[in-house]
Amino acid sequence: ITSYKIQYRRGTSGIWMERTSNGNTRMVTLVNLQLGTMYQVRVRVVSDLGDGAWSNVVNKTTFNVPGAPTNLIISPPSGSCDQLMVTWTAPSNTGGLPVMYKVYGNETLIHSMINTTNTVLSGLTANTQYTVRVVAFNDLGDGGEVTGTGRTRPQAPKVSDVTLTNSTQLSVTFSTSAVDLSPSLQFKCTARPELTGLTNRTATTTSQRLVLNDLSPYVNYTVKCTSIPTGLGSGSVISSCNSTMNTIRMPESAPSGPPLNLDVIRTNTSVTLSWDPPE
């Protein structure tokens with residue numbers, strides 16, 4: 001054996017290209033091939049008596065960068081105002097090499113090397129929409145990417161005052177900063193009675209004051225207030241990561257009318273009065 005001839009071509013109908021190696025070589029590396037491309041290769045022996053027969057043809061595809069991740073889901077975890085949970089599905093085409101991921105938030109690289117299909121973005125700003133981009137890559141470079149948006153939860157509104165208006169009504173006043181700094185928020189308050197059998201009362205507003213009606217007199221209520229971003233579209237409602245709580249006791253109601261059935265009994269030196277309470 002004096003040498004070996006190695007032929008290779010792209011696909012099954014390309015033009016064969018040839019390389020030669022000396023007779024002592026049992027391995028050769030073909031370079032400058034196209035990424036993600038199927039090549040056919042074959043080898044034959046060369047001696048002083050001529051060329052031998054070709055080996056069987058072997059098909060091999062070169063490695064490539066990965067395809068794009070899919071099924072990107074971005075959601076704020078419960079109880080957190082500065083985080084977003086991000087999950088995705090690995091690309092179906094890995095390029096033949098292990099796949100890693102880069103994650104960007106509003107074009108800022110937050111995670112540069114993730115080998116799982118989920119992560120948590122932390123240290124974000126409350127009540128802020130983020131564009132999240134997940135890029136798949138391997139040793140050959142960046143591949144496909146997927147992009148989506150998610151919004152962090154808002155802080156609860158700051159309550160400056162809770163006032164009893166009458167025996168069945170109270171008003172909640174929010175601090176000016178809560179309203180001025182969060183024009184895209186709706187405030188929601190719910191009054192929950194301590195007594196069973198009574199109904200929760202809820203009201204919402206985008207202004208500085210909210211009124212809860214139809215409360216029961218002489219009952220303790222816990223008033224819980226949260227913030228809800230507006231303009232997110234149907235099915236996209238998220239509440240604040242925390243809430244403000246106030247406990248208040250409703251006053252007794254005013255008499256509904258005068259006493260009934262007043263009666264007066266006389267004696268020699270006194271007068272005794274009796275009556276029934278109002279209905």
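Hi everyone, and thanks for coming. A word on conventions before the tour. Because the model is predicted, local features need pLDDT of at least 70 and side-chain atom pairs count only at pLDDT 80 or more, while totals for chains, interfaces and linings use all residues. Residues are numbered from 1 along each chain as its sequence is written, and side-chain values use heavy atoms, with hydrogens and water left out.

Let's start with the sheets. Strands here are DSSP runs of E, at least two residues long, and helices are runs of H or I with at least four, numbered from the N terminus. Two strands pair if DSSP finds at least two bridges between them.

If you want a place to look, Met100 stands opposite Phe137 in β11.

Another open sheet of four strands runs β16-β15-β18-β19, with antiparallel pairing. Here β16 (201-205) and β19 (244-249) are the edge strands, each pairing on one side only. The twist averages 20 degrees from one strand to the next. Strand β15 (residues 185-193) pairs with β16 in the antiparallel sense over five bridges, and Ala191 has Arg201 in β16 as its bridge partner.

Now for some individual residues. I'll call a residue buried under 20% relative accessible area, exposed over 50%, and partly exposed in between (1.4 Å probe, protein chains only). Contact means heavy atoms within 4.5 Å.

Cys225 sits in strand β18 (residues 220-229). Is Cys225 buried or exposed? With a relative accessible area of 1%, Cys225 is buried. Setting aside residues up to four places away in sequence, Cys225 touches a list of residues including Val159, Phe174, Cys189 and Thr244. Phe174, in strand β14 (residues 169-174), is buried too, at 0% relative accessible area.

Trp54 makes another stop, in the loop between β4 (50-51) and β5 (58-61). At 25% relative accessibility, Trp54 counts as partly exposed. Beyond four places in sequence, Trp54 touches Lys5, Gln7, Glu18, Arg42, Val43 and Arg44. Trp54 and Val43 are eleven residues apart in sequence and 5.7 Å apart in space, C-alpha to C-alpha.

On to charges. A salt bridge here is a side-chain nitrogen of Lys or Arg within 4 Å of a carboxyl oxygen of Asp or Glu. How many salt bridges does that rule give? The count comes to five.

One of them joins Lys5 and Asp51, with the closest N and O atoms 3.0 Å apart. This pair links distant parts of the chain, Lys5 in strand β1 and Asp51 in strand β4, 46 residues apart. Lys5 counts as buried at 19% relative accessibility, whereas Asp51 is partly exposed at 40%.

Arg133 meets Glu107 in a salt bridge at 2.9 Å, N to O. Arg133 lies in strand β11 and Glu107 in the loop between β8 and β9, so the pair ties together parts that are 26 residues apart in sequence. Arg133 is buried at 15% relative accessibility, and Glu107 is exposed at 52%. Arg133 also forms a salt bridge with Glu145, the closest N and O atoms being 3.1 Å apart. Glu145 belongs to strand β12, so this pair ties together parts twelve residues apart in sequence. Glu145 is partly exposed, at 39%. Elsewhere, salt bridges that share partners join Lys5, Arg44 and Asp51 into one network.

Last stop, the surface. Leu262, Val264, Val271, Leu273 and Trp275 make a nonpolar patch of about 530 Å². Patch residues have over 30% relative accessible area and no salt bridge; like charges are joined within 9 Å, and nonpolar side chains (Val, Leu, Ile, Met, Phe, Trp, Tyr) within 5 Å. Areas come from the Shrake-Rupley method with a 1.4 Å probe, and for residues only the protein chains shown count as cover. Strands β20 (260-266) and β21 (271-276) each supply at least two of the patch residues, and β21 gives the most, with three.

That's the tour; happy to chat!

Conventions:
Axes fitted to C-alpha atoms, helices over the stretch in contact; angles between N-to-C directions.
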